[in-house]
Amino acid sequence: MAGLKIERNGHVLRVTLARAERRNAFDAALIAELTEAFTDVGDARAVVLAGEGQSFCAGADVDWQRSAIDLSYEENVEDALRLYRMCETIDHCPAPVIARVHGYALGGGSGLAACADVAIAAPDAVFGFSEVKLGIIPAVISPFVLPKIGAHARRYFLTGERFDAETALRIGLIEEIADDLDAAVDRVLSELLTAGPEAVREAKRLIRERPAGDETAQIAARLRAGDEGQEGLRAFLEGRSARLPDGSEFGVHLPPRKPE
């Protein structure tokens, strides 16, 4: 893929926007590549989404925007739907997604941060929903941004102003600010990889679907009675790591019992 670098390192899939000369801005090709990359992440236990060069993603590519001027209404709908499907595919990725955000994360770049389960930003990251400055609005990314920033959109969608990482953290667009991004990402990865992989995926589905009542009890019972749940509970009580069929491990240990 010309606009992406995709690497698998053990249980972690790394998807890196590789248009540094364009500040990793979106065009039709990059949107298609991101959609394809997140459509099937296989058995990856975590996905890291990052950008090469000086920025995470500076929004829409200028040449792509220029080409959109002459599109018909129907063509504009299809164009917008492709961007929506990309965001939806990332948001619905069964494995947890960590966004490593630095430099500019404008427009669709802020949308990508919203689609991630955990977005970690450098102190100098710059965010913004600048669409209104161009006479348009962040409609396509709004289903993913609004659940994260809520009423704060009443300011930032309307003004189109840029804001810093501290503001992004305060309004809920990101989860953490870190001077050492790689160390912070590795710390979250470590937590994810010591959790049951099936449980993590089911937890992500639970957050998205928000079942209620009897269904929650059925979900809990199914996981508790399943192979991973049984092994995890037994390992915890026995003070050892849980073992998966592929030979990898997860789990937390009970503290050693004090002699009576």
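User: How many residues of the lining of the largest pocket are nonpolar, polar and charged?

Analyst: The model is a predicted one. The general idea comes first: rolling a probe the size of a water molecule over the atoms shows where empty space is left. In this case, the lining of the largest pocket divides into 18 nonpolar, six polar and eight charged residues. The volume of this pocket is about 1000 Å³.

User: Which residues lie nearest the centre of the largest pocket?

Analyst: They are A60, Q65, E131, L134 and I136, out of 32 lining residues. Two or more residues of the lining come from each of α2 (62–68), α3 (73–91) and β5 (104–106).

User: What is the volume of the second largest pocket, and what classes of residue line it?

Analyst: The second largest pocket holds about 580 Å³ of space. Its lining has 21 residues, and those closest to the centre are D91, D117, K204, I207 and R208. By class there are 13 nonpolar, one polar and seven charged residues.

User: Which element gives the largest share of the lining of the second largest pocket?

Analyst: Helix α9 does, with five residues. The elements that each supply at least two residues are α3, α4 (108–115), α5 (142–149) and α9.

User: How many cavities of 30 Å³ or more does a search of the whole structure find?

Analyst: The search finds one.

User: Now the core. Which residues touch the most other members of the largest nonpolar core?

Analyst: The general idea is that in soluble globular proteins, nonpolar side chains tend to be buried together. Here the largest nonpolar core has 51 residues, and L34, F38 and F127 touch the most other members. Helix α1 (residues 28–39) supplies the largest share of this core, five residues. Another core lies apart from it, with 14 residues, including V12, V48, A184 and L192.

User: What is F38 in contact with, leaving aside its neighbours within four places in sequence?

Analyst: F38 is in contact with V15, V47, L49, T89, I90, C93 and V97.

User: How many aromatic pairs does the structure hold?

Analyst: A pair of aromatic rings is described by the distance of the centres and the angle of the planes. This structure holds five such pairs. Take Y156 and F163: their ring centres are 4.6 Å apart and their planes meet at 50°, so the pair is tilted. Y156 and F163 are both buried. Ring pairs also link F127, F129, Y156, F157 and F163 into a cluster.

User: Why is α4 described as largely enclosed by the rest of the structure?

Analyst: Eight of the eight residues of α4 are buried, so the rest of the structure largely encloses this helix. The buried residues are G108, G109, S110, G111, L112, A113, A114 and C115.

User: Now some single residues. Is D61 buried or exposed?

Analyst: The cut-off needed here is that buried means under 20% relative accessible area. D61 has a relative accessible area of 4%, so D61 is buried. D61 sits in the loop between β3 (46–51) and α2. Leaving aside neighbours within four places in sequence, D61 is in contact with R19, R22, A25, F26 and D27.

User: Where does E202 lie, and what does E202 touch?

Analyst: E202 is part of helix α9. Its relative accessibility is 12%, so E202 counts as buried. Not counting residues up to four places away in sequence, E202 touches R222 and L223.

User: What is the relative accessible area of D164?

Analyst: The value is 38%, so D164 is partly exposed. D164 lies in strand β8 (residues 162–164). Not counting residues up to four places away in sequence, D164 touches A125 and F127. D164 and A125 are 39 residues apart in sequence, and from C-alpha to C-alpha they are 6.2 Å apart in space.

Definitions and conventions. Residues numbered from 1 in each chain as written. Predicted model: local features only at pLDDT ≥ 70, side-chain atom pairs only at ≥ 80, totals over all residues. Heavy atoms only, no water. 1 Å grid on protein atoms, 1.4 Å probe; cavity = no way out; pocket = protein on both sides within 12 Å on 5 of 7 lines; lining within 4 Å. Points joined across faces, edges and corners; volume = space filled by probe spheres on them. Core = buried A, V, L, I, M, F, W, Y, C linked by side-chain atoms within 4.5 Å. Buried < 20%, exposed > 50% of the residue type's maximum accessible area, 1.4 Å probe, protein only. Helix = DSSP H or I, 4+ residues; strand = E, 2+ residues; numbered from the N terminus. Contact = heavy atoms within 4.5 Å. Phe/Tyr/Trp six-rings, centres within 6.5 Å; stacked < 30°, edge-to-face > 60°. Nonpolar A, V, L, I, M, F, W, Y, C, P; charged D, E, K, R; others polar.
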